[in-house]
Amino acid sequence: VADQVGKPTPATDAARAGLQSLSLLQEDPSKAGLYHFSGDRETSWAGFAEAIFEAAGLDVPVEHITTAEYPTPAARPAYSVLDTSRITQEFGIQPADWRAGLREVIAALRDR
């Protein structure tokens, strides 16, 4: 769908951010709290699909449809972008380039 926006996040990037923040929390437990982490740029599900096909070197057209045209049992928010400013301010952890992470995932799948 083209009208639901988020920030894709490869699991390896989320794991790195989690481990880094845990390490820093051991040094300063007073910084404990709720933190968000995600990829660096917003995209729609349709945009994410296009990026996947592009990274895989596949010429696959993606039809941009609305949420109403693709009903699911669970309601999905139109805008589910996480605010990562706190993890950056407190720990210096920057959002990762999800496109670079996607290329790594595609390369790993090819190597299997």
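## A charge over an aromatic ring

A charge sits over a ring if NZ of Lys or CZ of Arg is within 6 Å of the ring centre and within 35 degrees of the ring normal. In this predicted model, local features need pLDDT of at least 70, side-chain atom pairs count only at pLDDT 80 or more, and totals for chains, interfaces and linings use all residues. Residues are numbered from 1 along each chain as its sequence is written, and side-chain values use heavy atoms, leaving out hydrogens and water.

The charged end of Arg86 lies over the ring of Tyr35, 4.2 Å from the ring centre.

## Aromatic pairs

Three aromatic pairs are found in a search of the whole structure; rings of Phe, Tyr and Trp (its six-membered ring) pair if their centres lie within 6.5 Å, with planes under 30 degrees apart counted as stacked, over 60 as edge-to-face and the rest as tilted. Tyr35 and Phe91 form a tilted pair, 4.9 Å centre to centre with 45 degrees between the planes. Both Tyr35 and Phe91 are buried (under 20% relative accessible area, 1.4 Å probe, protein chains only).

Trp45, Phe48 and Trp98 make up one aromatic cluster.

## Packing of H2 and H4

The axes of helix H2 (residues 45-55) and helix H4 (residues 98-110) come within 9 Å and cross at roughly 50 degrees. Helices are DSSP runs of H or I, at least four residues, numbered from the N terminus; axes are lines fitted to C-alpha atoms over the stretch in contact, and angles run from 0 to 180 degrees between N-to-C directions.

Conventions: Buried < 20%, exposed > 50% of the residue type's maximum accessible area, 1.4 Å probe, protein only. Helix = DSSP H or I, 4+ residues; strand = E, 2+ residues; numbered from the N terminus.
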